[in-house]
Amino acid sequence: MNYAKTRDATAKKIKKAGKKITLKKKSDLTTFDPVLGKETPVYDPDENGYALEVEYGVKEAQERWLEDGVKKMLCVEITEPKAGDILTMQGVDYSVIYVKPFSPGDMIIYYEVAVK
């Protein structure tokens, strides 16, 4: 199977049906904020990509970690998000809580991302 072709076709569909996103990835560094009086995270440069918000299935909705307000996004054209990163869609910031790459072969097609 040609996974690159599948990835490109999927990205094209998500771009068409979805929305632009910005991913702000938390780095391993912190800086001291004198106003807050504590260490705060440092973020890497923003990445732009696309996401399509989809509904959770019945089985997924019964999982323990799924709480009210958790949204499921299928994301393309970004590097792998991690829990604690910030995903912005239409001016709304969401915190990434879970990431599952969809990769049926040796190539990631998209990232399934749970945000709140």
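User: What makes glutamate 77 partly exposed rather than buried or exposed?

Analyst: In this predicted model, glutamate 77 has a relative accessible area of 44%. Buried requires a value under 20% and exposed one over 50%, so glutamate 77 falls in between and counts as partly exposed.

User: Why is the pairing of glutamate 77 with lysine 15 called a salt bridge?

Analyst: The closest N and O atoms of the two residues are 3.1 Å apart. Glutamate 77 sits in the loop between β5 (71-76) and β6 (86-89), while lysine 15 belongs to helix α1 (residues 3-17), 62 residues apart. Lysine 15 is partly exposed, at 35% relative accessible area.

User: How do you know that glutamate 53 and lysine 71 form a salt bridge, and which elements hold them?

Analyst: The N to O distance is 3.4 Å, and the limit is 4 Å, so the side chains meet in a salt bridge. The pair links distant parts of the chain: glutamate 53 is in strand β4 (residues 47-54) and lysine 71 in strand β5, 18 residues apart. Both are partly exposed, glutamate 53 with 39% relative accessibility and lysine 71 with 26%.

User: What makes glutamate 112 and lysine 72 a salt bridge, and are the two residues buried or exposed?

Analyst: Their closest N and O atoms are 4.0 Å apart, and the cut-off reads within 4 Å; the pair is counted as a salt bridge. Because buried means under 20% relative accessible area, glutamate 112 at 13% and lysine 72 at 10% are both buried.

User: How many salt bridges does this rule give?

Analyst: The count comes to five.

User: What makes up the largest nonpolar core?

Analyst: This core has 14 residues, of which Ile21, Met73, Cys75, Leu87, Met89, Val113 and Val115 touch the most other members. At least two of its residues come from each of β1 (19-24), β5, β6, β7 (92-102) and β8. Another core, of seven residues, lies apart from it and includes Ile14, Tyr50, Val76 and Ile109.

User: Which residues does valine 113 touch, leaving out those up to four places away in sequence?

Analyst: Valine 113 touches Lys71, Lys72, Met73, Cys75, Pro81, Val96, Tyr98 and Val99. Among these contacts are lysine 71, the salt-bridge partner of glutamate 53, and lysine 72, which pairs with glutamate 112.

Notes:
Residues are numbered from 1 along each chain as its sequence is written. This is a predicted model: local features need pLDDT of at least 70, side-chain atom pairs count only at pLDDT 80 or more; totals for chains, interfaces and linings use all residues. Side-chain values use heavy atoms; hydrogens and water are left out. Helices (H or I, at least four residues) and strands (E, at least two) are DSSP runs, numbered from the N terminus. Buried means under 20% relative accessible area, exposed over 50%, partly exposed in between (1.4 Å probe, protein chains only). A nonpolar core is a set of buried Ala, Val, Leu, Ile, Met, Phe, Trp, Tyr and Cys residues joined through side-chain atoms within 4.5 Å. Contact means heavy atoms within 4.5 Å.
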